[in-house]
Amino acid sequence: MSRTSRTTMRRSRMALIAAGVLVAAAAGTATAAAPFGASGATVAHASAAAALVDNPYDGASVYVNPEWSANAASEAGGDKVADEPTGVWLDRIAAIEGVDGGMGLRDHLDEALTQKGSGELVVQLVIYDLPGRDCSALASNGELGPTEIDRYKTEYIDPIAAILADEKYADLRIVTTVEIDSLPNLVTNAGGRPTATPECDVMKANGNYQKGVGYALDKLGDAPNVFNYIDAGHHGWIGWDDNFGPTADLFKEAATTEGATVDDVHGFITNTANYGATTEDNFSIDDSVNGTSVRQSKWVDWNWYTDEQSYAQAFREELVSVGFNSDVGMLIDTSRNGWGGGDRPTGPGATTSVDTYVDGGRYDRRIHLGNWCNQAGAGLGERPQAAPAAGIDAYVWMKPPGESDGSSEEIPNNEGKGFDRMCDPTYEGNVRNGNNMSGALPDAPVSGKWFSAQFQELLKNAYPAL
């Protein structure tokens, strides 16, 4: 099936409903949140039925990774969340077949068929192995060098695409989160900016991020039941004027290269593996204190957004304005942005100054918005749910809670993952986090490995509370 015909099918679904192919109301943006599988919308088992929905999460349950679930259930109190759906990270070529006896992609999809039963089910995959991956952070560097775009295509994307295209899995709704922490780096961490790194300058010059993302969108999107979502950073990364529009333009460039078109993009995801609060209720970007705008506070620092939801909704409009389809949806990763527990503010801070007002009221208790590694004090956020707000397809736990962001000290490994000082709790920072302390938890393992102490902290500080 061509991409054009797939788009035509999706956009003509109302006619199919009228003809009896679909047996329930069309899936759209709901006005109230619903737990996965609870909306009542169902899709008949017609050919490529999974492609005929605007929001893949509507009316569907979501795959629970049994490997993550077992880790969570083994922790004290972890049984309360062990049945929540999380993303499956394909973070190296070997992960496609499975590493050290673990589940590979087909194993997960086969298990998803079992979990699906007679209903609809979403499987969430994280596509994450670009050449020169994550050029601004050593902890998540990958196995492929900056020039190995051909290996990325033939050894990584092509095998994944072949598996997803298997007719056996045609009734699954497969959500792919495409290459987190990649394209935004080319805007914020390259090109002579104070925040630039030599690695990001290399990737900006060779274009392999755009080529890799475009190739992935095109090949993965060939399966009519695959829904591609591009990673869109987060409000504390892209929310400034000089980042906002250029990032949207760069996404359009990537989505129209290597055979891809905007029809290969179902939506975007924000806050993946990050900590920004879904909503900040105790202060607004429009507030001022003694005549000083909240934007001038040290925390907001002239950003236009104070939380992920307002950023995601606004960035969606920007993406449509540069040429993406008007029905693109947004996902927000809420796996670690709850910020509950005893330190959660219950109202605005004192109006002594704009900083006391913001710092006393903000839910996000990080030292600086630029801190990203194993943050102390974080908690589980909103539980995964479909259509929680206008333009938002779902809150998701794409980052599996309890899996480390990176090691607190150098740990030799064969996964290409380096030691990043932002994961060291003694680190005093750099220009990308305002030269502040890292805020990281101690004794962390290599990224992706189970981190019991972090998981326990996430449980303790969950909001809504468990």
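**Close-up views of the predicted model**

**View 1. Contacts of asparagine 303.** Beyond neighbours within four places in sequence, asparagine 303 is in contact with His235, Gly236, Gly239, Trp240, Ile285 and Arg295. The model is predicted. Asparagine 303 sits in a loop, with strand S9 (292-293) on one side and helix H11 (308-321) on the other.

**View 2. Strand S11 in its surroundings.** Strand S11 spans residues 385-389. Of its 5 residues, 5 are buried, so S11 is largely enclosed by the rest of the structure.

**View 3. The S11–S12 hairpin.** S11 and strand S12 (residues 392-396) run antiparallel, joined by 3 bridges. Glutamine 385 has tyrosine 395 in S12 as its bridge partner. The two strands form a hairpin, with 2 residues between them. Glycine 391 lies in the turn and has a positive phi of about 80°.

**View 4. The whole protein chain.** The chain holds 13 helices and 12 strands. It has 466 residues, and 59% of them are buried. Among contacts with a separation of 6 or more, 76% link residues 24 or more positions apart. The chain exposes about 16,700 Å², of which carbon and sulfur atoms supply 50%.

Technical notes
Residues numbered from 1 in each chain as written. Predicted model: local features only at pLDDT ≥ 70, side-chain atom pairs only at ≥ 80, totals over all residues. Heavy atoms only, no water. Helix = DSSP H or I, 4+ residues; strand = E, 2+ residues; numbered from the N terminus. Contact = heavy atoms within 4.5 Å. Buried < 20%, exposed > 50% of the residue type's maximum accessible area, 1.4 Å probe, protein only. Areas by Shrake-Rupley, 256 points an atom, 1.4 Å probe, with all protein chains shown as cover. Pairing = 2+ DSSP bridges.
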